[in-house]
Amino acid sequence: MSASWLISSPCSKLNHHLRCRNHRLILSPAFLFSGTGKQMVTASSSASSSSNRGAFTTLKERVTFEKEIKKSKFIAISGHIPDEGSAQSFLSEVRDPRATHNCWAYKVGEQYRTNDDGEPSGTAGKPIHSAIASSGLDRIMVVVIRHFGGIKLGTGGLVRAYGGVAAECLRNAPTCLVKSKVPMGLEVPFELLGVLYHQLQSFQAEDIKQDYDTGKDGVTMVTFKADFDRVQGLEEAIKANCSRDIVFYKR
């Protein structure tokens, strides 16, 4: 994920203000999960930043599904994770140290990771991830716990067991639609503040902040966040009611 902005502007102070508010330290997944001593696969895509600007469907609550397959008990636990950094916390909360295996996968935008936790390579984490991808859900993690029952399932049996239990766990799970927020900002004369705030409230903008230190007499800087699908309408409403000359800055 990049903290850079998509446009350059002569108003360097406003761009700097927005950039500082949205800059975050990003730790790599390899660092977050280092030292586990287990097989893992990491995949990423440069398109991940664009996936954060739309709407996505995720799990509303944590869901558990259990199934016994040839005397082995499989327990799938799924839940929402807001970002990759939250995956380790989720795993720590749900894993069973007494179990034979705690296999998992997660998906956050275009980023995903899988772990077979001692099962033959590709027989656990990958089919769990396939179940996540088929569900159409995003920002979720599924951990499948296995208590070995004494009967080996074979490679194909493991793939079907882990993938099938994960898919069943997600099939009827309660979901919700989440709309991404777009950070925006603009400079506006003092006399138009009342009109601007009325429009911001009408479009349910959030995290509204104001800065008078713009270096321009009678002008203030206003930054806020708006739902991605309301950005165009908000821009048009502000220009229609305030000024056509207003320039918007957004990520």
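In the predicted model, helix α6 comprises 18 residues, 154-171, and at 1.5 Å a residue should span 26 Å; the C-alpha atoms at its ends lie 25 Å apart, in agreement with that expectation. The buried residues of α6 are Gly157, Leu158, Ala161, Tyr162, Gly163, Val165, Ala166, Cys169 and Leu170. An α-helix has 3.6 residues a turn, so residues three or four places apart point the same way. The cover over the buried residues of α6 includes the strands β2 (55-59), β3 (63-69), β4 (72-80), β5 (101-108) and β7 (140-147), together with helix α5 (125-135).

Strands β5 and β6 run antiparallel and are joined by five bridges. Within this pairing, tyrosine 106 stands opposite arginine 113 of β6. The two strands form a hairpin with two residues between them, and glycine 109 in the turn has a positive phi of about 65°. Of the five residues of β6, four are buried, so the strand is largely enclosed by the rest of the structure.

The loop between β6 and α5 contains aspartate 117. With a relative accessible area of 7%, aspartate 117 is buried, and its side chain reaches the backbone nitrogen of asparagine 102 at 2.5 Å. Glutamate 119 forms a salt bridge with arginine 146, with an N to O distance of 2.9 Å between the side chains. This pair links distant parts of the chain, 27 residues apart: glutamate 119 is in the loop between β6 (111-115) and α5, and arginine 146 is in strand β7. Both arginine 146 and glutamate 119 are buried.

An open sheet of four strands is present, with the order β10-β11-β9-β12 and antiparallel pairing. Strands β9 (residues 181-189) and β11 (residues 219-227) pair in the antiparallel sense over nine bridges. Glutamate 187 is placed opposite methionine 221 of β11. Helix α7 (residues 193-202) lies across β9, β10 and β11, and runs at about 5° to β11.

Glutamine 199 is located in α7. Its relative accessible area is 9%, so glutamine 199 counts as buried. Apart from residues up to four places away in sequence, glutamine 199 touches Leu234, Ala237, Ile238 and Asn241.

Side chains of opposite charge can pair when their charged atoms come close. The model contains eleven salt bridges. One of them joins aspartate 229 and lysine 179, whose side chains meet at 3.0 Å, N to O. Aspartate 229 is in the loop between β11 and α8 (231-241), whereas lysine 179 is in strand β8 (residues 175-179), so the pair ties together parts that are 50 residues apart in sequence. Both partners are partly exposed: aspartate 229 has a relative accessible area of 42%, and lysine 179 has one of 36%.

A salt bridge is also formed by aspartate 227 and lysine 181, with the closest N and O atoms 2.4 Å apart. Aspartate 227 belongs to β11 and lysine 181 to β9, so this pair ties together parts that are 46 residues apart in sequence. Aspartate 227 is buried, with a relative accessible area of 8%, whereas lysine 181 is partly exposed at 32% relative accessibility.

Lysine 70 is not a glycine, yet has a positive phi of about 50°. Lysine 70 is situated in the loop between β3 and β4, and its relative accessible area of 52% places this residue in the exposed class, for which the cut-off is over 50%. Glutamine 204, likewise not a glycine, has a positive phi of about 55°. Glutamine 204 is found in the loop between α7 and β10 and is partly exposed, with a relative accessible area of 48%.

Notes:
Residues are numbered from 1 along each chain as its sequence is written. This is a predicted model: local features need pLDDT of at least 70, side-chain atom pairs count only at pLDDT 80 or more; totals for chains, interfaces and linings use all residues. Side-chain values use heavy atoms; hydrogens and water are left out. The expected span of a helix is 1.5 Å times one less than its number of residues. Buried means under 20% relative accessible area, exposed over 50%, partly exposed in between (1.4 Å probe, protein chains only). Contact means heavy atoms within 4.5 Å. Two strands pair if DSSP finds at least two bridges between them. Axes are lines fitted to C-alpha atoms, for helices over the stretch in contact, and angles run from 0 to 180 degrees between N-to-C directions. A salt bridge is a side-chain nitrogen of Lys or Arg within 4 Å of a carboxyl oxygen of Asp or Glu. A polar contact is a pair of N or O atoms within 3.5 Å; within protein, one must be able to donate a hydrogen and the other to accept it, and residues adjacent in sequence count only if both atoms are side-chain atoms.
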